[in-house]
Each structure stands twice: as C-alpha cells, then as structure tokens.
Amino acid sequence: MDIARQLIQQSNLASLLGLHLSLSLFGSIATNPTYNLPIFFFGTWAYNYRDSNSPLKTFTLILGLSVLLDLIWFYLHSGNPQGESGYKFAIFFNTISFIFKPISIYASMANLQERGDSISAGNWTEAPGAFPAGGYQNVRDGDNTDFA
C-alpha cells in the first residue's frame with residue numbers, strides 16, 4: 001500500500017493526462033469508450049487554465065464518473081461482440097487507462113489543494129448570478145424621513 005501511495009504522491013497531473021490521452025488515442029483503433037478522448041482533452045485544458053479552479057473541479061468529477069461508465073462499458077463490450085480485428089489491441093490500452101484513472105483523480109484533487117481549493121461544491125452564494133451572503137438589503141425604511 002505504501003508503494004501505491006508513493007506513486008500517487010510523486011505523479012504529476014500533466015504527465016498523467018498525457019499518458020491518458022495517448023492511451024485513449026491508441027485505444028480508439030477499435031470499439032472504445034468514446035467519452036474518454038474528450039474528457040482528457042478537457043482535462044489538459046483545465047489543468048493549464050489558471051484563472052479559475054472550476055474547470056479542474058469539473059474535470060475531476062467527470063473523471064470520477066467515467067470510472068463508473070468504464071465499468072459499464074467493459075461489461076457491455078466484453079468478448080468482442082462486433083468481431084473487430086483490433087479489439088484486443090484497443091481493449092489493452094483502454095484497460096491500462098482505466099487502471100490509472102484513480103491515480104489521476106487523486107492527482108487532480110491534490111492539484112486543486114495546491115491551488116488553494118478543494119473538491120467541495122461550495123454553497124449557493126458562490127453560484128453564478130446568486131446573491132452574496134446577506135445580499136438582501138432594505139430599499140426603503142418606513143421610519144426614515146427621506147422617503148416621507
């Protein structure tokens with residue numbers, strides 16, 4: 001367990017994203033999970049976008065969801081149902097990508113912490129267009145003589 005923890009702590013999110021992107025490209029030779037390639041392109045952009053942490057949060061959550069989607073995809077497409085010739089080659093790369101996804105999720109969460117944020121969803125006052133906390137104010141005070 002300590003070896004896995006050290007590997008996760010030493011991994012760099014940028015290099016993991018490059019690995020996933022390469023594996024997704026090679027895995028797209030035959031039937032593959034079509035959502036992986038766009039997720040990793042978005043992750044590469046989100047990692048390099050420094051103005052806000054929201055894209056990196058979104059990427060982390062979508063990557064976590066894709067682990068569940070991968071399990072469903074592997075269950076539905078096991079055994080080469082379409083008889084493709086490059087299926088074993090593609091499934092090999094998709095399996096390796098699937099194995100590295102939890103490490104990438106952890107690295108993304110660590111990157112968010114380095115940026116001073118967390119994976120929490122926040123509260124309603126941070127939502128776009130929301131009133132800030134205590135944002136309501138009295139427009140007219142009935143006891144004020146200015147409005148009489």
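Which residues form one aromatic cluster? In this predicted model, the cluster is made up of Phe 26, Phe 89, Phe 92 and Phe 93. Let's begin there and then walk on to other parts of the structure.

Phe 89 and Phe 93 both sit in helix H5, which covers residues 87-114. They are four residues apart, about one turn of the helix. Their rings make an aromatic pair, with 4.8 Å from centre to centre and 70 degrees between the planes. Planes over 60 degrees apart count as edge-to-face, and that is the label this pair receives. The two residues can also be described by their accessibility. Phe 93 has a relative accessible area of 15%, so it is buried.

Now find another aromatic pair, Trp 45 and Tyr 49. Their ring centres are 4.9 Å apart and their planes meet at 25 degrees, so this pair is stacked. The cut-off here is an angle under 30 degrees. Trp 45 is partly exposed, with 45% relative accessibility, and Tyr 49 is partly exposed too, at 30%. Counting through the model by the ring-pairing rule gives seven aromatic pairs.

Two packed helices are described by the angle between their axes and the distance between the axes. For helix H3 (residues 36-48) and helix H4 (residues 54-76), the axes come within 9 Å and cross at roughly 160 degrees. Angles over 145 degrees count as roughly antiparallel, and H3 and H4 are therefore roughly antiparallel to each other. The crossing of H3 past H4 is left-handed.

Which residues meet where H3 and H4 touch? On the H3 side they include Ile 39, Phe 40, Phe 42 and Trp 45, while those on the H4 side include Leu 56, Phe 59, Ile 62 and Leu 63. Sorted by type, the residues of this contact comprise 11 nonpolar, four polar and one charged.

For a last stop, turn to Ser 24 in helix H2, which spans residues 13-27. Is Ser 24 buried or exposed? With 3% relative accessibility, Ser 24 counts as buried. Setting aside neighbours within four places in sequence, Ser 24 is in contact with Asn 32, Asn 36, Leu 37 and Phe 40.

Terms used
Residues numbered from 1 in each chain as written. Predicted model: local features only at pLDDT ≥ 70, side-chain atom pairs only at ≥ 80, totals over all residues. Heavy atoms only, no water. Axes fitted to C-alpha atoms, helices over the stretch in contact; angles between N-to-C directions. Helix = DSSP H or I, 4+ residues; strand = E, 2+ residues; numbered from the N terminus. Parallel < 35°, antiparallel > 145°, perpendicular 65-115°, else oblique. Left-handed = near helix turned anticlockwise from the far one by under 90°. Contact = heavy atoms within 4.5 Å. Nonpolar A, V, L, I, M, F, W, Y, C, P; charged D, E, K, R; others polar. Phe/Tyr/Trp six-rings, centres within 6.5 Å; stacked < 30°, edge-to-face > 60°. Buried < 20%, exposed > 50% of the residue type's maximum accessible area, 1.4 Å probe, protein only.
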